[in-house]
Amino acid sequence: MNENLVSIYIMGEHHQVPAELTILQALEYAGYRLVRGVGCRGGFCGACATVYRVAGDYHLKFALACQTKVEPNMQLAMIPFFPAHRPRYKLSELKGTPEEILAIYPELLSCYGCNTCTKSCPQDIDVLGYVSALIRGDIPAAADISFDCIMCGLCVTRCPAELVKHHAALLSRRIYGKKIAPRSEHLKKRIAEIKEGRFAKEISELKSLSREELQKLYATREIEPEE
Amino acid sequence: MSYPAPLDELARKVSLTRETRLKTTFPRLKPEEKEKLLKGFHPDYRADTFAQLRVGANAGDRTPKELALLLEGDSLIEPDTNSFDAPDYQCDVLIIGGGGAGCAAALIADDEGANVIIATKLRLGDANTMMAQGGIQAADKENDSPAIHYLDVLGGGHFANDPELVETLVTDAPEAIQWLEDLGVMFDKNPDGSMKTIHGGGTSRKRMHTARDYTGAEIMRTLRDEVKSREKITVLEFCPAVELLTEEDGSVTGAVLLNLNLNRYIIIQAKTVVLATGGSGRLHYQSFPTSNHYGATGDGLVLAYRAGALLKFIDTMQYHPTGVAYPQQIIGQLVTEKVRSLGAQLVNIAAEQFIYPLETRDVVASAIIRECQEGRGVTTPAGAQGVWLDTPMIEILRGPGTVKRELPAMVRQFARFGIEIDKEPILVYPTLHYQNGGVAIDPQCRTSVPFLFVAGEASGGVHGRNRLMGNSLLDVIVFGRRAGFSAAQTAQKRTQFGQLTLNHIKKWRALLKEKEIEPKVKSPIILPDYTKKS
């Protein structure tokens, strides 16, 4: 094998791995059969959020193990996803006010504004930006800024004031989606039409057609233009 | 530019034909042209990669060799040596799988007053639902109707779909969207509250509802959060099911879980069981890379099959046309169909279009494979093949900033490797994406095994031989809810818990022996093994 290998350290142990691997693939290459710290392997689930260092540099770096290429002299440790505080609330019983979010997550008010959360976000979300929005009661802004959060919880682990911000952000998004965003009239109307049985006859007619008849109908169906 | 020199040069070539291509879209194929393309190039037609099942309810049917191996495998548990007299838990409804279908089922069963346990392989929400990006279909606009949706689903599935299931899917769809909204899912909307909807491959109306390109993640994290709000739902994480438990007549009475933390079995006694275990992309059929979750190993099919359940359409898998072909680190990961919905074309090494971008997935995938097999693909430095997906077109068609606004996940995924998808095209190749078939169900999610219900990707029939974009998220919500309802109702009527035995495994072993089949593996496999074997 003529592979380009790099040296990495997994929990202090030296390994040589192909330079083109991701951190996750490198752990597996080294022999770790993962159960924790691995999930979708596509950057959406937050299970493999990882903290690493490069030899000689004291700075901690943050990444998703499945989306980040290894680099020489990486010092890796597997830090399993750990359960963050998440109080029990019933969305249907909330009015949807900013004060309710602060009552459920009162620690939000003790934010130091140090911005460590933003620096630790592997999604590059302006975490402090949405925490500030929550504190000043701007739910739409908090919901919008936090939208791409994959809930890995790295921001929580690094927060000196121990804010459980990703859960607070999720609450703000659920409130926005349920209570603040305008509802779709066409959706309500369609559901009422279905309940009246408006389309049942048309569908049962389609169900009675032969395969050939359906094929013909399908091939000649009208297609809504792109613009 | 961020591509290495040879690719950079080819990417520039794509930009040179962009202006002319903006004015001319490749025409849609005629039915007979599609048929020819599929037969020539779709992986489902590679006969040598399939095996015929010799035992069980589907004996005689063909399925990928990798799946046949597991379906004809042996149990992890010795049926005689275990005593199941004292279950660790009892519940009305046991839900196996904590993805979209499992969580939807749990919430509805809880609404119905059932005592619910969700057992899941990894964490709650670690599932393909979380990774679905493009959208969810529902015919809720003025120019659309469930009947129009019905015909699209059937045409996409090559008219093989179970009509009752399709009718259920399209008729329940608008209510499923409303249910999600009530839970707080943030769909993309216009200022007046109307849904921003777009086309998907094979849709005749713009009925794809989106949440940026995190649609599945938005749905999954909301469902998960709601499950956590319900005091009566017990969640057992890192506890995949390894066998169902049955009584004398074959009725399901519970399941055996494996606690992955402690490597210890857990026995659950339940009045009804919902299998919502998802797909099997991690079996890497025909050595394809996959867009699937780490836990997508087809466990549910194995468990249900041994318990006597009939499977449907297990000879057809979906290869998503646009998996990542470069960079190598994220090969096989999904590039959402929404990229093509927004207007990006597919072009070959000569910077020429070769397919209408929104044909159904099986057709587009076949066309890409054809281009590569016939020498019109691009070879990456790692030796992989791909074609260009011309993402910068979106900025021209829909205005600067559209890509960053509509496709933040895609922008991030490529930016991590130095590729700016609003400025440069990307390289794609089909990736193993979806299990079109699964356990046969009826509209109440009942199976051929008493007290066993199935929902979501683990089920088969609704999508026929090919699923349309946006109908999987819809499937998990519509049938997840229905499974939860049916399982709760049925549990109420089953006044007593059943006996906990592995008699069906004894029978299974006898069957294997009778057919002189020596099982080559123990199944389910639970997780794939990617460690380097020296």
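Colleague: Let's start with strand S16 (residues 385-389) of chain B: how many of its five residues are buried?
Modeller: Strand here means a DSSP run of E with at least two residues, helix a run of H or I with at least four, both numbered from the N terminus. A residue is buried if 20 or more other C-beta atoms, placed from the backbone, lie within 10 Å of its own, exposed at 12 or fewer, and partly exposed in between. S16(B) is largely enclosed by the rest of the structure, because the buried residues among its five number four.

Colleague: Before we go on, what kind of model is this?
Modeller: Residues are numbered from 1 along each chain as its sequence is written, with chains lettered from A and ligands numbered from 1 in the order in which they are written. Local features need pLDDT of at least 70 and side-chain atom pairs count only at pLDDT 80 or more, while totals for chains, interfaces and linings use all residues, since the model is predicted.

Colleague: Which residue in S16(B) stands opposite B:Val347?
Modeller: Two strands pair if DSSP finds at least two bridges between them. Strand S14 (residues 346-347) of chain B runs antiparallel to S16(B), with two bridges joining them. Opposite B:Val347 you'll find B:Trp388.

Colleague: And which residue takes a positive phi in the hairpin of S15(B) and S16(B)?
Modeller: Strand S15 (residues 378-379) of chain B pairs with S16(B) over two bridges, in the antiparallel sense. In that pairing, B:Val378 stands opposite B:Gly386. Five residues lie between the strands of the hairpin, and the one with a positive phi, near 90 degrees, is B:Gly383.

Colleague: How many bridges join S13(B) to S17(B)?
Modeller: S17(B) covers residues 426-435 and is joined antiparallel to S16(B) by three bridges, with B:Leu389 opposite B:Ile426. Strand S13 (residues 317-324) of chain B has eight of its eight residues buried, so it is largely enclosed by the rest of the structure. The number of bridges between S13(B) and S17(B) is six.

Colleague: At what angle do helix H7 and helix H15 of chain B cross?
Modeller: Axes are lines fitted to C-alpha atoms, for helices over the stretch in contact, and angles run from 0 to 180 degrees between N-to-C directions. The axes of H7(B) (residues 163-183) and H15(B) (residues 471-493) come within 9 Å and cross at roughly 80 degrees. Angles under 35 degrees count as roughly parallel, over 145 as roughly antiparallel, 65 to 115 as roughly perpendicular and the rest as oblique, so H7(B) and H15(B) are roughly perpendicular.

Colleague: Which element gives the most to the side of chain B that touches chain A?
Modeller: Two residues are in contact if their C-beta atoms, placed from the backbone, lie within 7 Å. On that basis 68 residues of chain B are in contact with 65 residues of chain A. The elements giving two or more residues to this side include helix H6 (146-156) and helix H8 (215-229) of chain B. With 10 residues, the top contributor is H7(B).

Colleague: Last one: what is the radius of gyration of chain A?
Modeller: The radius is taken over C-alpha atoms, and the globule rule is 2.2 Å times the number of residues to the power 0.38. A compact globule of 227 residues would come out near 17 Å, but chain A has 25 Å.
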